[in-house]
Amino acid sequence: MYGLSRDDCERLDREDPLGTLRGRFELPSGLIYLDGNSLGALPVGARQRLDELVRVQWGEDLIRSWNRHDWIGMPRRIGAKIARLIGARDDEVIAADSTSINLFKLLAAALRLRPRRRIIVSERTNFPTDLYIIEGLIELLGQGHELRLVHADELSDALDEKVAVLVMTQVDYRSGRLHDLAALTRQAQAKGVLTLWDLSHSAGAMPIELNAAGVDMAVGCGYKYLNGGPGAPAYLFIARRHLRDAQPTIAGWMGHAAPFTFAPDYRPAAGIERHLVGTPPVLGLAALEVGVDLLLEADLQLVREKSRRLGDLYLRLLDQECAAFGFEHACPHDSTRRGSQVAVRHPQGYAIIQALIVEGVIGDFRAPDILRFGLAPLYLRYVDIWDAVAALHRVMASQAWNKPEFKRKATVT
Ligand SMILES: Cc1ncc(COP(=O)(O)O)c(C=O)c1O
Ligand SMILES: Nc1c(O)cccc1C(=O)C[C@H](N)C(=O)O
């Protein structure tokens, strides 16, 4: 490759202030993992924590663990830790359920805070679950609510006094476009519109300042950059000023003011706990806590800086090494407008991703033609980017992608 050498990348790794964190993850040797934006890697501590939890807390202490090991306090405790990653106060965040469920709960709560408004605004390319949840809730409510879907550049024009809630994902899952959370929140607020942000592709990869921006509500998932493991519990945020009035959407017993009185009538808890529904998933929460604790050791400004540099490096090397193969950038060039992933377009994207996986580089494909490479700054090295682009060059130059077994079929990821 020209310009930058592999040695230069090794030097960047030696100078990387986050470099030592890589050793805190179990990464299979010989594999370059560029899919941490879908499922984060396994922290070494998670294996140990789960092992202890299963053997001692579950195996020996059994039901006593709810108090003895504070299982019951986990949603609040871990929520408070996540709050520190997203610029929230510790009583504004709780770990619970999945992102989809939390979005449903908070959107319904937000609509009840704006009873005279009927429109929900979102972005056309938002992640499908977000759009399905909005549509599904509108149908269920049967009160004439409407979803106004617009292109990202039309968002500010779409916000007016009829709009109840703006539902946005901060980083687009396909293009990696990073929205200006503070500016959009300000524009929404000027029209009395509540904001509900999905932080799934941003939290843990960059500093987020929800309160400084005046965000009303947010949700996010635990298994991407928080490295909480497959199906990790998600979290939800409600700004303190709404905690009293935001009603729980699903009146489950864990959101009751005193669940263990087993009272027949429902009385919501005073604070963020009222948005809990059922029994906390203890194993999942324990693994998530390890991932969150690891992130709390890192300076998120440094995480963001590294993430931007990894992305710039990828795009630069791609242009240098793979210019002949017809790739187009599908993500912003300007790293200040990009999340922690790069996306490129190619008509043979699916087959190329399959061939890359055989070469030991895991990225993913999003229809119709996007190759996505997630850049998790806690465990990726600059040299991994070099090697990943070199592998892509090999796949393209040898046409290794052009095999019948790489024809597109429906798969999970
Ligand atoms: C923006 C966004 N929201 C939500 C989800 C998923 O939500 P859930 O954890 O409920 O499957 C994803 C990815 O799966 C996502 O990218
Ligand atoms: N949640 C996922 C799953 O259960 C299986 C496979 C992938 C996922 C994902 O997280 C997809 C991811 N949100 C995306 O950006 O495409």
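1. Strand S7, residues 163-169, is the place to begin in this predicted model. Seven of the seven residues of S7 are buried, so the strand is largely enclosed by the rest of the structure. On one pairing, S7 runs parallel to strand S5 (residues 119-123), to which four bridges join it, and within that pairing Ile-120 stands opposite Val-165 of S7. S7 is also joined by five bridges to strand S8 (residues 194-198), again in the parallel sense, and here Thr-169 has Asp-198 of S8 as its bridge partner. As background, strands of a sheet pair through backbone hydrogen bonds, either parallel or antiparallel.

2. Eight of the 10 residues of H12 are buried, so the helix is largely enclosed by the rest of the structure; the buried residues are Gly-349, Tyr-350, Ala-351, Ile-352, Ile-353, Gln-354, Ala-355 and Leu-356. Which elements cover them? The cover over the buried residues of H12 includes S12, strand S13 (361-362), S14, S15 and helix H13 (382-397). Just after H12, Gly-360 adopts a positive phi of about 90 degrees.

3. At the level of the whole chain, the division is into domain 1, made of 6-43 + 299-406, and domain 2, covering 70-297. The centres of the two domains, taken over C-alpha atoms, are separated by 29 Å. Contact between them involves 29 residues of domain 1 and 21 residues of domain 2. On the side of domain 1 that touches domain 2, the elements that give two or more residues are helix H11 (300-321) and strand S12 (341-345), with H11 supplying the largest share, five residues. By class, that side of domain 1 has 15 nonpolar, nine polar and five charged residues.

4. The surroundings of ligand 1 can be described from the residues that form its shell. There are 13 residues around ligand 1, of which the closest are Ser-98, Thr-99, Ser-100, Phe-127 and Ser-200. Helix H5 (99-113) and helix H6 (128-141) each contribute at least two residues to this shell. Sorted by class, the shell has four nonpolar, seven polar and two charged residues.

5. Some overall figures complete the picture. The chain has 13 helices and 15 strands, and its radius of gyration of 22 Å is close to the 22 Å that the globule rule gives for 413 residues, so the chain is as compact as a globular protein of that length. Along the principal axes, the C-alpha atoms fill a box of roughly 70 × 55 × 40 Å. Of the 413 residues, 47% count as buried. Among contacts in the chain with a separation of 6 or more, 73% are between residues 24 or more positions apart.

How values were computed
Residues numbered from 1 in each chain as written. Chains lettered and ligands numbered in written order. Predicted model: local features only at pLDDT ≥ 70, side-chain atom pairs only at ≥ 80, totals over all residues. Rg over C-alpha atoms; globule rule 2.2 N^0.38 Å. Buried ≥ 20, exposed ≤ 12 C-beta atoms within 10 Å, placed from the backbone. Contact = placed C-beta atoms within 7 Å. Domains from an automatic or database assignment. Nonpolar A, V, L, I, M, F, W, Y, C, P; charged D, E, K, R; others polar. Near = placed C-beta within 6 Å. Pairing = 2+ DSSP bridges.
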